[in-house]
Amino acid sequence: MLNLDYLALLATAALTFITFIFLIVVMVRKTAKVSFVFFLALLSIVAGIALSLLLNKSTYLYILLVVAAILLTLYTILKAFAKVDDKSEKKKKNDLNTVTQKRLNIIYNDEDISLLDVNKQFIFNTADSFKDPEGLSVLLESFGKTILDLTHADGCLTLVLDDFEDILTVKNLTGTFIPCYKLPENIPHKQQRVEMNMRYAQFNLKDNIFGNVLSTADSLMVNEPAKQSLIVQNGDEDFLKCGAYIFVPLTVNAKPVGVLALSKSPLSGPFTDKEYDTALRLGDFVGSAIKSVSTHNAIVESSTIAKEGLLATETQRSLVPSKLPAIPGLSLGTIFTPAENICGDYFDVMVSRKDRISFVMADIAGKSMNSLIVMIMLRAMLKLIVNTTQTAGTILSWANRGIASEDTVDHFASVALLIYDSVNNTIQYASGGTTPIFLYSAENDTVTEISGKQEPIGVEKSTEYSDNNISVKSGDIVITCTDGLVEALNTEGVQYSRKRLEKVIKENHSLQGKDIANKVKNDVKIFCGNAVQHDDQSLMVIKIK
C-alpha cells in the first residue's frame with residue numbers, strides 16, 4: 001500500500017477507537033441508550049483495518065466493512081418496524097408533565113395560586129352582588145375580611161371616587177382602621193364616634209394621603225408614619241396612635257376608581273414586602289369589582305330613576321313653596337333648578353311670629369324616592385318643631401334623632417336652619433353637612449362664610465348641633481345654598497365655585513333679594529353653558545332692608 005493509504009487507515013482506526021471509548025462513557029453515565037450492535041460494527045471496522053495493515057491486503061478491510069454495514073442495516077430495520085412500548089411512552093409523557101409542572105412552579109408559586117383562588121372567589125361574589133341593591137357594601141365587606149386575613153392588617157378602608165365630583169367617599173370599613181387624616185375638631189376622642197365619622201368620611205384629591213395616592217397613582221407602604229407628612233397623628237389615645245399603613249390606588253384601564261387603605265396598630269408591627277405585594281395584587285381585584293358593580297348599578301338605577309323620577313320630581317315641587325311670603329323688613333329671593341330625575345333639594349320659609357321667622361335649606365343625599373322619603377320626614381319634623389321656643393341647634397338635633405333612629409332610612413341630609421328675630425334684628429342659625437351659610441356685611445362690603453362643619457343629619461343620632469347668633473343691620477344679606485349650585489360644572493369640567501358666588505353677591509348687593517337671586521341664576525347659566533347638570537341647584541337670599 002502507498003504511504004498515503006497507510007495514513008488514512010491509521011486515522012480511521014484512531015477515530016473509530018475514540019468513538020468506541022465515548023460510547024462506553026455514554027453507557028456508564030446513562031445519558032442515552034447504546035445498542036451492542038454499534039460496538040460490533042466498530043469492532044468490525046477496527047479489525048478490518050488491523051488485518052489490512054498487518055497482512056498488507058485490503059480484502060479483509062472490505063469484507064469487515066460489509067459486515068459492519070450489514071449489522072447497522074439489520075438494526076435500523078428492526079427499530080423501524082418494532083412494536084411501540086406503551087409504558088415507555090407513558091413514562092415520557094409523565095416526565096414531560098413533571099418538567100412542565102416544574103416550569104409552572106417557577107412562574108406561579110404557592111402564594112400566586114392562593115391569590116388566583118381568591119380572585120376566583122372575588123368574581124363569584126361580584127356576580128352575586130348584582131342581585132342585591134346593597135351589593136357593593138356587602139361585597140366590599142367580604143373583600144375586607146379576606147384582605148385582612150391575607151395581609152395580616154388590623155383595618156381595611158375602601159374609598160370610591162364619585163363619578164361626577166373629585167371626591168373620595170368611604171364605602172367600607174372592616175376591622176379597626178387607625179385614622180391617618182385630621183379628624184374634625186368637634187369629634188370627641190371616643191373610639192365609637194371616631195369610627196362613625198370614618199364610615200361617612202369624604203376627602204378631596206388634595207391635602208390628604210388618600211387623595212394624593214389616587215392623584216399620583218402611586219401605591220405606598222408607610223412603616224414609619226412620623227416621616228410621612230400627609231399622615232396626621234390625632235391624639236395619644238391607643239386607638240388613635242398611628243402604626244403602619246399601605247395605600248393602593250384602585251384603577252381600571254388607567255382610570256381612577258378609588259383607594260384601598262390598610263393599617264396596623266403599633267403593637268402589630270410593620271408591614272412586610274410580601275404583605276405589600278399581596279395588597280397590590282388584591283387591589284387590582286377590588287378595583288375591577290367596584291367598577292363592574294358600579295356600572296351594573298348605574299344601569300339599573302337609571303332604569304329605576306326613569307320610572308320614579310317624574311313622580312318624585314312632581315312631589316318635590318309640591319313641597320317647595322311656589323311663592324315666598326311677604327315679610328316686613330326683609331327682601332327675599334330664591335333659585336330652585338331641579339336636575340332631571342333628581343330629588344334632593346328642599347327649602348322653606350315658615351312664619352311663626354315677628355320674632356321667629358324660620359328659613360331652611362336642605363340637600364338630601366341620594367336620588368328619587370329614597371331621598372324624597374327623607375325630605376318628607378325632615379319637612380314634617382321642622383314644620384312641627386319650629387313653632388316651639390326651641391333654638392335652631394336643638395331643632396336640628398331633634399330632627400336628626402328622629403331620622404337617624406329609623407332603621408329603614410339609610411340616607412342623610414345637609415341642612416341649614418336660620419331663625420330671624422325682626423324685633424331684635426338677630427339671626428340664630430345651625431347647620432350640618434355641606435350646606436353653607438354666607439353673610440354679606442354692608443358695613444365692611446365683605447362676604448364671609450359663617451357656617452361651621454358638623455355631621456349631616458341622619459348619620460349619628462347622638463349628634464348635637466350648636467347654636468350661633470349674629471346681629472344684622474340694614475343692607476346685610478344672608479345667603480344659603482346647596483352644593484349643586486356652587487359645584488355646577490361647565491363644559492370643561494370646571495366648578496362654578498363659592499368664590500364666584502360671593503363675587504356676584506358683592507357686585508349686586510344693592511339690589512332686592514329677588515333680583516340678586518336672578519343675577520346668580522343668570523351667572524350660573526352663562527358659566528355652565530350647555531353642560532348637563534347632575535344635581536339640583538337651590539339658593540336663598542335674605543336681605544335686611
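Modeller: Ser-497 lies in the loop between helix H12 (483-486) and H13. Helices here are DSSP runs of H or I with at least four residues, strands are E runs of at least two, and both are numbered from the N terminus. This is a predicted model: local features need pLDDT of at least 70, side-chain atom pairs count only at pLDDT 80 or more, and totals for chains, interfaces and linings use all residues. Residues are numbered from 1 along each chain as its sequence is written, and side-chain values use heavy atoms, leaving out hydrogens and water.

Colleague: What is the phi of Ser-497?

Modeller: Positive, about 85°, although Ser-497 is not a glycine. Most residues other than glycine have a negative phi.

Colleague: Why does Ser-497 count as partly exposed?

Modeller: Because its relative accessibility is 25%. Buried means under 20% relative accessible area, exposed over 50%, partly exposed in between (1.4 Å probe, protein chains only).

Colleague: Where is His-152 found?

Modeller: In the loop between helix H6 (135-151) and strand E1 (155-161). Phi of His-152 is also positive, near 60°.

Colleague: New topic. At what angle do H13 and H14 pack?

Modeller: About 140°, with the axes of H13 (residues 498-507) and H14 (residues 513-528) 10 Å apart. Axes are lines fitted to C-alpha atoms, for helices over the stretch in contact, and angles run from 0 to 180 degrees between N-to-C directions.

Colleague: And Leu-15, where is its place?

Modeller: In helix H1. Leu-15 is exposed, at 57% relative accessible area. Its C-alpha is 9.8 Å from that of Val-46, 31 residues apart along the chain.
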